[in-house]
Amino acid sequence: MNINERLLVSFDWLWFLALLSLSAIGLLAIWSTTEGTNLNSYFGRQLAYVCFAVVVFLVVVYFDYHVYCDFINIIYATSLALLGLVLLIGRSIHSNKSWIKMGGFVFQPSEVVKIVAILALAKYYSEIERDHLELGELLTGGLIVGVPMGLVMLQGDLGTAMTFVPIYAAMSFLAGLKRKHVLITAAALLVASPVGWLMLKDHQKGRIQTVFNPESDPKNLGYQTIQSEIAIGSGQFLGKGFKRGSQGQLGFLPARHTDFVFAVWSEERGFVGSVGLLALLLFVALRMLRTARDAKDRLGGMIVVGVLALFIFHVTINVGMVIGLLPIAGIPLPFVSAGGSSLLACYIAMGLCMSVRMRRYVN
Amino acid sequence: VTLQPEANRQLGQQRLKWLCAFIAVVFAILSVRLWQLQIVEGAEFAVRAEQNRVRAIPLVAPRGTITDRHGAPLVENRGSFNVLLYREYVQDMAETSRFLVERLGVSPEDLQDLLRRNRSAGLYQPIVIKQDVGIEDISIVEVHKRDHPEIQLGPVPRRAYRYGGLAAHVLGYVGEISEQEIARGTFPEARAGDLVGKFGVERVYNAVLTGKDGGRQMLVDSRGREMGLLAEEEAVVGGELRLTLDLELQKTAEAQLAGKVGALAALDPRTGEILAMVSAPTFDPNRFSTRISAADWESLAGDPNKPLQNRAIQNSYSPGSIFKVVMAEAGLEDGMIGSDTHVYCNGAGVFYNHTFRCAQHKGHGYVDLRTAIARSCNIFFYDLGRRLGIERIAAHAQSLGLGRRTGVDLPNERAGLMPSPEWKQRARGDRWYPGETISVSIGQGAVSVTPLQILRAVGAIAVGGKLTTPHLLLRAENARSAPSWPVANLKVNASSTHRIRDGMWGGVNEWGTGHNAQIPGLDICGKTGTVQVMSAERRRIARGAEFEDHSWFVGFAPRDNPEIAVVAFVEHGGKGGVAAAPMAREVFRTHFGDRRAPAMLSQLTPPATPR
C-alpha cells in the first residue's frame with residue numbers, strides 16, 4: 001500500500017501539531033530545570049529522542065494498521081520472549097528490573113509491550129461477530145493482556161503493570177462487555193482489594209496512605225507531594241516565569257524532569273500554563289475519540305480505544321499524583337516527561353491511531 | 001453525526017459517548033484541583049515556596065563595651081563560632097550523628113539529650129551542638145559543607161572580660177534569658193534565646209548594652225546548601241558603657257583582697273562615684289560566656305565562700321567600732337557632746353546592771369571625743385549611747401543611710417538593719433531593753449550594715465553632710481535619659497564634721513587604732529572596727545579561722561576637701577587595724593600616686609580644733 005494523495009490529505013496536521021507541542025513543553029521544562037546542573041545532559045538527549053520518535057511515528061503512520069495485526073502472533077510471541085529476557089538479564093533502576101541494555105541504550109521493553117497487547121486484543125475482539133462479549137471471550141481477552149502484565153509485574157514494576165488494566169477494561173467495554181460481567185468484576189474487585197492491600201509492599205502502602213494526609217510525614221513520603229503542591233500552587237495565575245520557579249530550580253521538586261515535569265511547568269507558567277497543558281492533552285484525547293468513532297472497522301476503533309485508555313490512564317495518574325490527588329507512582333506524563341522508552345511508546349501508539357484516522361474512509 | 005454505511009462493523013456509539021463523558025469528568029476534576037491550588041490557595045503556597053528557599057541566619061549584635069572612667073576597656077567582645085544543626089536538612093540522622101560524634105567529638109549522650117530537649121522546637125530552628133569551637137572544628141565543618149549542609153557554623157560575638165575576675169561583681173555576667181525572666185517581663189525587648197545581663201551592670205544596663213540583631217537571608221537548595229545571599233541587615237553594636245571605676249585603683253584593691261574573704265570599695269564622697277569595688281573571693285565571668293556546664297555551676301554556686309555574692313552590697317555585717325563615727329555625729333548634732341565632754345575609762349563600765357568592757361582592758365583614762373574616736377574607746381560611746389537613747393541613735397543612723405538601700409546601680413542590694421524599738425516590736429514581738437542600746441553604741445547587737453552603706457555614711461560626714469547615691473555609671477552611649485543620682489544635704493554643723501574628721505585623722509596619724517593606714521605626706525582619716533563573731537569567753541576556747549573577728553576599716557583622704565573614701569572589710573581577718581587598715585592604705589597610695597606632693601608633709605600637724 002502506498003501513501004496516495006488522499007491519505008496525505010487525511011493526515012491530521014492539527015493533531016500532529018498538538019503532539020509536537022506537548023513534546024516542546026516537555027523540552028522547555030526539562031531545559032528550565034536541568035540546564036546548568038549535573039542533569040544538563042537530559043535536554044539534548046530528550047531532543048534526540050523526540051526527533052527519533054517522530055521519525056518512528058511517521059514510519060508507523062505510513063503502514064496500514066492491518067499490516068501490524070497480520071503479524072501480531074509473531075510480534076506478541078517476540079514481546080513475551082523479550083520480557084522473559086528482561087527478567088533474566090535486566091538492569092535494576094530504582095528497584096525495578098525492567099530495563100534492558102541494547103548497544104549504548106537502556107530500554108524498557110514493557111513500554112512497547114503495552115502497545116503489542118493493545119494490537120493483540122484489538123485483533124481478537126474485532127473478529128468477534130456479535131455486539132456483546134461472552135464470558136469465554138472476555139476471559140480469553142484477559143489472558144492476552146494478563147500474560148504480559150504478569151511478566152511486567154514480576155519485574156517489580158507495579159505502576160507499568162497497572163496500565164494493562166485500563167486497556168483491558170476500556171477495550172472490553174467497547175467490545176460489548178455485558179452489564180452482568182461488569183457487576184461481577186466490580187464485586188470481585190471489591191472482595192479482592194483488601195487482599196491486594198495485604199499484598200502491597202510497605203512503601204507502596206505508605207504512598208497510598210500519605211495521599212490522604214501528606215503532612216503526617218513531611219520529610220519522607222509526604223515530602224514529594226507537599227513540595228509538588230507548593231510548586232504548583234506558588235505558580236498562581238501567571239507563573240513565576242522561565243527558570244524562575246524556585247521549587248524546581250533549587251531541587252525541592254523530586255524527579256523534576258521526569259514524573260514531576262507537570263509541576264515544573266505549572267510553577268513557571270501558572271494556572272494559565274497548567275490548564276493550557278491539560279487542554280492540549282484533552283484535545284489529543286478528543287481527537288482519538290473522534291478517530292475511534294470514525295474508524296472504518298472494529299479493528300481500527302479497538303486499537304484507538306486501547307491507546308486512548310492507556311493515554312488517559314497515564315495523564316490521570318501522573319497529573320493526579322502531582323497535584324496531590326493520587327498516590328505517588330512512577331508513571332510519566334505522555335509526550336512531556338523525559339525518558340526515551342516512554343516517548344517512543346507514545347509516538348508509536350499515536351502513530352497507530354493516526355494510521356487508523358488516515359484510513360477511515362471505506363473504499 | 002451520520003451513521004456510516006457498515007455500522008455493524010463499527011464500535012458501539014453509545015459506549016464511546018460514555019467513554020467521552022468519563023474523560024470529561026477526569027479533566028474537570030484535574031482542572032478544579034489546579035484552580036484550587038493555584039488560584040484559591042496560590043498566595044499561601046507562594047509564601048511557603050518563599051520560606052522553602054530562604055534560610056534566615058540571625059546575626060547576633062555584639063553588646064556594648066564597658067570601660068573604666070578613663071576609657072580603658074574592661075569588657076569587650078570577641079568573635080566565636082557555634083556548631084549548629086539544622087534538622088530540616090538532615091538526610092540521614094544516623095549518618096549525621098556519626099559525623100558529629102566521630103569528627104566533632106560530641107558525646108552521644110549529650111547529642112541525644114540536645115535532640116530530646118529541642119524536639120518540640122521547629123525543625124527550621126538550628127540546635128546549638130557545640131559552643132565557641134576551636135579552629136579544628138571550624139575547618140572540619142567547612143570542609144564538609146557540601147556533604148553535610150545540615151551542620152553549619154554560626155558566628156556569635158562572645159563577651160570577653162579582659163581581666164577575668166577583676167571587678168566581676170560589678171561587671172556581672174551574661175546568659176540566655178530564662179523562662180522566669182520571659183514570664184516576668186524583666187527584659188521587655190528580649191526574646192527566648194537572647195543573651196541578657198544576669199548580674200552586675202551587665203544586668204542593670206542591659207538595655208543600653210544590647211545591640212540590634214541583624215540577619216542574613218540565604219538562598220538555599222532543597223538540601224540546605226547555600227546558593228547565594230538574598231539580603232543582609234547588619235547587626236548594630238550595643239551602646240558603650242563608661243563606668244566610674246578606676247582600673248588602676250581596682251587592680252590595687254583586688255590585690256589587697258587576694259586569698260581573703262571580704263570586700264573593698266572606694267568612692268568619691270563628693271559625687272558618689274564608685275572608684276573601686278571588690279568582693280572576694282571572685283569568679284571569672286568568662287566562664288558564663290559559653291553555656292556553663294553543670295559541674296562548673298555547681299562549683300560556683302555550691303562554694304561555701306559564695307563567690308557569686310557581691311559582699312560590698314549583698315551581705316551585711318555588724319559594723320563594730322566604725323559605727324562610732326555615726327554615734328559621734330548623733331552626739332554632736334544633738335548637743336550631747338560639748339567641747340569639753342570627757343569620760344573616764346577604766347576598762348569597763350556598768351550600765352543597766354551589766355558590765356560592758358572596753359577593748360583596752362587597762363582603760364584609756366580621761367578621754368574626749370577626739371581620743372575616743374582615735375583610740376576607739378568603748379566606754380565613751382557606751383555613755384554617749386545611754387544619754388542619747390536608741391531612738392535618736394536610730395534616727396541619725398537612718399539619716400546617714402544605714403538600714404536602707406543606697407540605691408547603687410547594681411542588682412540585689414541588701415538594706416542592712418538599723419534597729420529601733422518599733423523594729424524590735426514588729427520583728428521580734430518584744431520590747432527594747434536599754435542594755436541593747438549600749439551594745440548598739442559600739443556597733444554590736446542587731447545593727448548590721450553593708451560595706452557600701454557605711455562607706456557612704458562616712459563619706460557624707462567627710463564632705464560635711466552631703467549624702468550621695470553611690471553609683472557606677474559615668475556615661476552611657478545612646479541612653480534614653482541622663483541618669484540622676486539623688487543627693488541629700490543633711491543638716492549637720494560644719495564644726496561637728498570637723499571634730500569627727502579630726503578624731504579619725506588622729507586614729508590614723510597619732511598612733512591610734514588605724515595607724516597602719518598611715519602614708520607619710522597624706523592626710524588620711526580613718527576608723528577601724530573589730531567585730532567579735534562570738535563572746536570573748538567562748539572565744540578563748542574556740543580555735544580556728546571561722547571564729548576570728550571580722551575586720552573593718554573605713555576612711556577618707558585628704559582630711560580637708562576629701563576626694564576619696566575607702567572601706568575595707570575582711571571576714572575573720574582579726575583586728576581591723578591590722579587586717580583592714582593596710583588594705584585601705586594601698587588604695588589611697590595608688591589613688592594619690594604622684595600627687596602625694598611634698599607640700600603636704602608640712603601639714604603633718606594636728607589641725608586646729610575649734611573650741
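**A guided reading of the model**

The accessible surface of chain B comes to about 27,500 Å², of which 51% belongs to carbon and sulfur atoms; accessible areas come from the Shrake-Rupley method with a 1.4 Å probe, and for residues only the protein chains shown count as cover. This is a predicted model, in which local features need pLDDT of at least 70 and side-chain atom pairs count only at pLDDT 80 or more, while totals for chains, interfaces and linings use all residues. Residues are numbered from 1 along each chain as its sequence is written, chains are lettered from A and ligands numbered from 1 in the order in which they are written, and side-chain values use heavy atoms, with hydrogens and water left out.

Of the 611 residues of chain B, 52% count as buried, where buried means under 20% relative accessible area, exposed means over 50%, and partly exposed lies in between (1.4 Å probe, protein chains only). The secondary structure of chain B comes to 22 helices and 22 strands, helices (H or I, at least four residues) and strands (E, at least two) being DSSP runs numbered from the N terminus. Among the contacts in chain B with a separation of 6 or more, 72% are accounted for by residues 24 or more positions apart, a contact being heavy atoms within 4.5 Å.

One open sheet of chain B has five strands in the order β12-β11-β22-β21-β20, with antiparallel pairing; two strands pair if DSSP finds at least two bridges between them. Its edge strands are β12 (273-280) and β20 (525-531) of chain B, each of which pairs on one side only, and the twist averages 5° from one strand to the next. Strand β11 (residues 262-268) of chain B is joined to β12(B) by seven bridges, the two running antiparallel, and within this pair L264(B) stands opposite V278(B). Across β11, β12 and β22 (564-570) of chain B lies helix α10 (residues 247-257), which runs at about 25° to β12(B); axes here are lines fitted to C-alpha atoms, for helices over the stretch in contact, and angles run from 0 to 180 degrees between N-to-C directions.

A loop of chain B, between α20 (536-541) and β21 (550-557), holds E548(B). At 31% relative accessibility, E548(B) counts as partly exposed, and its C-alpha atom is 8.9 Å from that of K575(B), 27 residues apart in sequence.

Elsewhere in chain B, strands β14(B) and β15(B) form a hairpin with two residues between them, and Y352(B) in the turn has a positive phi of about 50°. Four bridges join β14(B) to β15 (residues 354-357), which run antiparallel, and G349(B) stands opposite F356(B). The buried residues of α17 (residues 434-441) of chain B are G435(B), T437(B), I438(B), V440(B) and S441(B), and the helix is followed by G443(B), whose phi is positive, near 75°.

In soluble globular proteins, nonpolar side chains tend to be buried together. In the largest nonpolar core, which has 114 residues, M288(A) and F311(A) touch the most other members; such a core is a set of buried Ala, Val, Leu, Ile, Met, Phe, Trp, Tyr and Cys residues joined through side-chain atoms within 4.5 Å. Helix α15(A) gives the most to this core, with 15 residues, and a second, separate core of 98 residues includes F199(B), L243(B), I313(B) and V325(B). Leaving aside neighbours within four places in sequence, F311(A) is in contact with residues including L281(A), M288(A), P334(A) and M350(A).

Helix α15 (residues 298-322) of chain A also contains A309(A), which is buried because its relative accessible area is 11%. Beyond its neighbours within four places in sequence, A309(A) is in contact with P166(A), I167(A) and A170(A), and its C-alpha atom is separated by 9.2 Å from that of V165(A), 144 residues apart along the chain.

Which cysteine sulfur is closest to that of C377(B)? It belongs to C345(B), at 3.8 Å, which is too far for a bond, because a disulfide is a pair of cysteine sulfur atoms within 2.5 Å. By this rule the count comes to zero disulfides over all chains. C377(B) itself counts as buried at 0% relative accessibility, and C525(B) likewise counts as buried, at 0%.
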